[in-house]
Amino acid sequence: MDLVEQVKHVMPAGLAGTVSRTVGMTIAADGFPAPVGSIARIDRETGGPLEAEVIGFRDRSTLLYAFSDLAGIRHGNRVRLQRTSRWLRVGEPLLGRVIDAHGNAIDGRAQPSLSDRTAFHRQAPHPCTRPRIDTPLSTGIRAIDGLMTCGRGQRVGIFAGSGVGKSVALGMMARYTDADVIVIALIGERGREVNEFIERDLGPAGRKKSVVVVATSNEPALVRIHAASTATAIAEYFRDRGKNVLLLVDSLTRFALAQREIGLAAGEPPTTRGYPPSVFALLPKLVERAGRTPEGSITAFYTVLVEGDDPNEPVADAVRGLLDGHIWLSRKLAAKNHYPAVDVLESLSRLMPEVTDDAHRRAAATLRELMAAHRDHEDLISIGAYRKGANPAVDLAVEMQTEINAILRQQVEDRSGYSQARDILVQFHQTAAQKLSPSSGAAPGGPAPQRAKGNRS
């Protein structure tokens, strides 16, 4: 980070005020006109100084949100301005490390020696400087690489209820992707799940080229928000050095819930299902920072914890409109021990036509059509009321269910790649065409689609 750029954000005067009241995690300070986003230090007699961030103003008081518990704070405590902007120390030694939302190592090893700095909050790349996305990125999950192919620099949402396999899917991506660097943000996770994810889902192979940023559910809302910004800033640092970065954020819903907590504390009115307007203003600022630039790319996957499995709840609905595709994990499939539980017909990648060839798109269309035909007649098939010969596409879908499931199901230890997924799909299409052509004279799939379709666009 350029020194001149840092100096521009320095406030040339010191400020000090006093604590006048507290409400929850919010502190009101009098005589402290610090700008929003500033970091302040609050002196207290026990427990050492407390850091807090300025989040707004009410009447003549400045509102601050604390980074930790307020124990020991009393009326009249001194509040001092510490810094007006945030910078993050970054560098190659972060690879293989687990850090907190402030960039401090928490994996029991020595703090890494980091010589570079990057801005904590950066503007998204200018839209006119973004190159087109034209190269596929292998995620290591066959169903995604084959039927929802993602490009380097794309942003995709993984939508699911709790306990449907989001963390396992992210772990497979981190282990098997062909990205140069992986940055993982675990936001609002249960404490015991952090080590489980790192040791079981990520594994030694994935950890070598990963940076894991952790903010557990017991930490203040502001820390959980900072974890997402820290992970994005680290991803931007590696992207600016020509790397292809995979950014995994779990979850965007808990990020939104944390901002809701802060917004309400600052006095914002609740609007959509209790979410204040700042939530829907902050989401695009975060996700737009990912993407491709002339130097490198950030391919981002954001998990969205769908409330009550409702795809139209406010956060899911807003995020779906901001991203370049969505992957829906089905509880019904998970209950059948179908993993990854990707509901192909409800998922899409808006950039798949840009990063795949005609044969691949035609093969993917064939499999989708057969799955759709089978789903439309599933009730009749399950009770034995469907009569073979009534619909050639349904006949073929029933006949090839074993092959379809073999493509869509994948063991955690089963490594896959984009080329392998494409070749399997093309072979499937050729087999389907051979079986269908004697009865109908045409292969399924028809012309290659210009755009993949799903029920939730």
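Buried means under 20% relative accessible area, exposed means over 50%, and partly exposed lies in between, using a 1.4 Å probe and protein chains only. Glu 193 is buried by that rule, because its relative accessible area is 18%.

Before we go on, a word about the model: it is predicted, so local features need pLDDT of at least 70 and side-chain atom pairs count only at pLDDT 80 or more, while totals for chains, interfaces and linings use all residues. Residues are numbered from 1 along each chain as its sequence is written, and side-chain values use heavy atoms, with hydrogens and water left out.

Now to the salt bridges. A salt bridge is a side-chain nitrogen of Lys or Arg within 4 Å of a carboxyl oxygen of Asp or Glu, and the count here comes to 30. The table shows some of them.

| Pair | N to O distance |
|---|---|
| Arg 155 and Asp 324 | 3.4 Å |
| Glu 193 and Arg 190 | 2.5 Å |
| Asp 357 and Arg 422 | 2.9 Å |

The bridge between Arg 155 and Asp 324 links distant parts of the chain, 169 residues apart: Arg 155 is in strand 12 (residues 155-160), and Asp 324 is in the loop between helix 8 (314-322) and strand 18 (325-328). Helices (H or I, at least four residues) and strands (E, at least two) are DSSP runs, numbered from the N terminus. Arg 155 is buried at 7% relative accessible area, and Asp 324 is buried at 17%.

Arg 190, the partner of Glu 193, is partly exposed at 46%. Asp 357 is partly exposed too, at 32%.

Finally, a network of salt bridges links Arg 122, Glu 236, Arg 239, Asp 240 and Arg 289.
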